[in-house]
Structure formats: C-alpha cells, structure tokens
Amino acid sequence: MSAEQNHGFEKDVSGGAPAAPAPAAPNAPMGANGLPGGMTAEEHRSRFGYGPLSHVNTQEAVLRPFGGEFQPGLYKSVETRKFANPAPLGLCAFALTTFVLSCINMGARDISAPNIVIALAFGYGGLVQLLAGMWEMAIGNTFGATALSSYGGFWLAFAIVLTPGGFNIQSALTENGDETMFYNSFGLFLMGWFIFTTIMLFCTLRSTVAFFSLFFFLDITFLLLGVGYIQRNDAGVPNPPVIKAGGFFGLLAAFAAWYNALAGIADSSNSFFVIPVAHFPWSPTGRARRDKTERETV
C-alpha cells in the first residue's frame with residue numbers, strides 16, 4: 001500500500017455517509033425550499049453540517065486516530081468541515097516555548113535565568129495556544145480543546161509568576177532573601193500539572209505512538225521539575241541534576257510536539273511523503289490492519 005493510499009485509509013471515515021441533520025422543531029415554519037424557518041440551503045448546511053460533534057453517531061461514522069490532529073478519540077475529522085485543523089498551530093506554539101525553556105533548564109550557553117521565555121510564554125505558548133484550543137472547541141474536539149487551552153493557560157501562568165516587577169509573586173514568597181517558600185510553591189504548581197498531564201496521558205492509550213510519546217515525555221518533564229524544586233540540594237536551590245533531567249525530557253516533548261504538528265501539516269498538497277505515526281496494535285487502525293489479508297495489503 002502506498003503512503004498516499006495509507007494516509008487516505010487512516011483518515012477515511014467508515015460508512016462514508018454524512019451525518020444526518022438535526023430534526024426541525026415540531027412547530028418550526030417551513031420555507032418555500034422545504035427548509036425550516038425560511039433558511040437558505042447554505043445557512044442550513046452551515047448550521048447542521050458541522051460543529052460540535054455535528055450530530056455524529058460515533059459507532060457508525062468514526063475516524064481512526066492518526067497523527068496531526070489533537071484527537072485520540074473516534075470522531076469525525078475536520079477535513080469535512082469548513083475549519084482548518086488548529087492542532088498543528090497549538091502544537092508548534094507549545095513546542096517552541098518548551099524547547100527554549102528546556103534548553104535553559106539544561107544550562108545551554110550558561111543561561112541561568114529563564115526571563116527570555118516570558119515573552120514566548122505570553123505571546124506564543126500562551127496566547128496562540130489558547131486560541132488554538134478555542135478553535136478545537138469550535139470543531140467539537142473536547143480533548144484538543146481541554147489540552148491545548150490548559151497548556152496555553154500554563155504558559156500564561158508561568159509568565160505571570162516570573163514577570164520581573166510585574167506581579168511580585170516571587171518577591172512576595174521570599175522572606176529575607178530565603179526563597180524556600182517560593183521554591184516549594186513553584187514545585188507544587190508543577191506537580192499539579194504533572195497530575196493533569198497524567199490524566200491526558202490515559203486518554204492517548206488508543207491513539208498513536210507519536211501522540212502518546214508527546215504526553216509521556218511531558219508527564220515525566222513535569223514530574224522531574226516538580227521534584228527538583230521541592231527536593232532541593234544542600235545549597236537550598238532547585239536540584240541541578242533533576243532540573244537538567246527535566247530539561248532533557250522537555251526537549252523530547254518539544255520535538256514530539258513538532259513531529260505531531262508536521263504530521264498534521266504535511267499532505268499531498270505540500271509534501272512528497274506522509275509522516276509515519278506508528279499506530280498501536282490495539283488501536284482501531286492497528287486492528288483493522290491485522291484483519292486485512294496479505295493480498296489486500298500489497
């Protein structure tokens with residue numbers, strides 16, 4: 001099977017039948033064109049042809065999970081709607097901001113303060129990723145809306161905490177030069193995001209290896225950074241080896257996010273190849289491939 005055929009197979013919606021429009025209200029007046037409320041055909045299509053789940057029967061019209069959409073579940077693809085796929089935008093915003101912070105956590109170029117990340121956290125990782133999450137909400141993707149909007153909120157909160165002289169959060173948690181309270185507070189902040197990411201990780205177990213890997217690396221990143229801030233070294237500062245390990249896994253999470261974004265951007269209109277995402281054998285696509293005969297897969 002060629003890469004293009006395989007790509008089409010992964011994005012194919014079983015059944016092929018479009019979702020049925022929502023029934024009109026019992027007392028709604030019918031127009032001359034037979035549509036309720038005098039709506040035009042275009043208005044009727046725009047109202048009932050797409051949107052949150054679009055009245056899809058998830059047992060009859062489902063999309064096998066594939067790379068490039070922030071959706072591990074079995075819902076219709078954005079390809080049939082009048083929306084672009086917002087997932088690559090959110091993934092790229094997350095990836096770049098995470099990449100820069102992780103490099104700093106690993107001590108790249110002897111940079112010791114993460115202040116440069118504040119601009120990225122406000123403008124790209126925060127605002128742009130939050131917008132991508134809202135657009136995921138518009139196409140009916142609950143997982144994508146929850147994850148992208150939440151991580152956009154994380155970067156905004158991160159920037160608020162570290163903005164010098166702006167919100168005075170760090171100085172308010174510092175007593176006579178002792179930053180123990182701030183480090184403990186920031187460690188709890190990171191551990192809370194570790195718990196949230198673990199919840200998101202559970203929802204990717206039936207998707208693809210690339211999608212699962214993104215959340216797995218991010219989960220380990222939050223865990224290590226949280227531990228690094230709570231369990232400090234003898235000098236009373238965040239544990240350098242643990243913080244560096246968190247930075248390493250953060251880099252892996254950033255490149256995994258970029259990989260998934262590329263899987264959503266590259267198609268037959270702009271690329272000569274389709275990005276492989278390695279389906280789990282227990283996923284719907286993996287089971288479908290196992291059920292195909294050798295002749296069908298040639």
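## Helices H7 and H8

In this predicted model, the crossing of helices H7 and H8 is left-handed. Helix H7 covers residues 180–202 and helix H8 covers residues 209–230. Their axes come within 8 Å and cross at roughly 160°. Angles over 145 degrees count as roughly antiparallel, which means that H7 is roughly antiparallel to H8.

Sorted by class, the residues in the contact of H7 with H8 are 19 nonpolar, 5 polar and 1 charged.

## Helices H4 and H5

Two packed helices are described by the angle between their axes and the distance between the axes. For helix H4 (residues 116–138) and helix H5 (residues 142–162), the angle is about 160° and the axes are 7 Å apart. H4 is therefore roughly antiparallel to H5. The handedness of this crossing is left-handed, with H4 passing H5.

The contact of H4 with H5 has 18 nonpolar residues, together with 7 polar and 1 charged.

## A nonpolar patch on the surface

The patch is formed by Leu89, Leu127, Leu131 and Trp135. Together these residues have about 350 Å² of accessible area.

## Helices H3 and H9

Helix H3 runs over residues 87–105, and helix H9 over residues 240–265. H3 and H9 pack with their axes 8 Å apart, at an angle of about 160°. The two helices are therefore roughly antiparallel to each other. H3 passes H9 in a left-handed crossing.

How many nonpolar, polar and charged residues does the contact of H3 with H9 have? By class, there are 17 nonpolar, 7 polar and 1 charged.

Conventions. Residues are numbered from 1 along each chain as its sequence is written. This is a predicted model: local features need pLDDT of at least 70, side-chain atom pairs count only at pLDDT 80 or more; totals for chains, interfaces and linings use all residues. Side-chain values use heavy atoms; hydrogens and water are left out. Axes are lines fitted to C-alpha atoms, for helices over the stretch in contact, and angles run from 0 to 180 degrees between N-to-C directions. Helices (H or I, at least four residues) and strands (E, at least two) are DSSP runs, numbered from the N terminus. Angles under 35 degrees count as roughly parallel, over 145 as roughly antiparallel, 65 to 115 as roughly perpendicular and the rest as oblique. A crossing is left-handed if the near helix is turned anticlockwise from the far one by less than a right angle, and right-handed if clockwise. Ala, Val, Leu, Ile, Met, Phe, Trp, Tyr, Cys and Pro count as nonpolar, Asp, Glu, Lys and Arg as charged, and the others, Gly among them, as polar. Patches are made of residues with over 30% relative accessible area and no salt bridge: like charges are joined within 9 Å, nonpolar side chains (Val, Leu, Ile, Met, Phe, Trp, Tyr) within 5 Å. Accessible areas come from the Shrake-Rupley method with a 1.4 Å probe; for residues, only the protein chains shown count as cover. A salt bridge is a side-chain nitrogen of Lys or Arg within 4 Å of a carboxyl oxygen of Asp or Glu.
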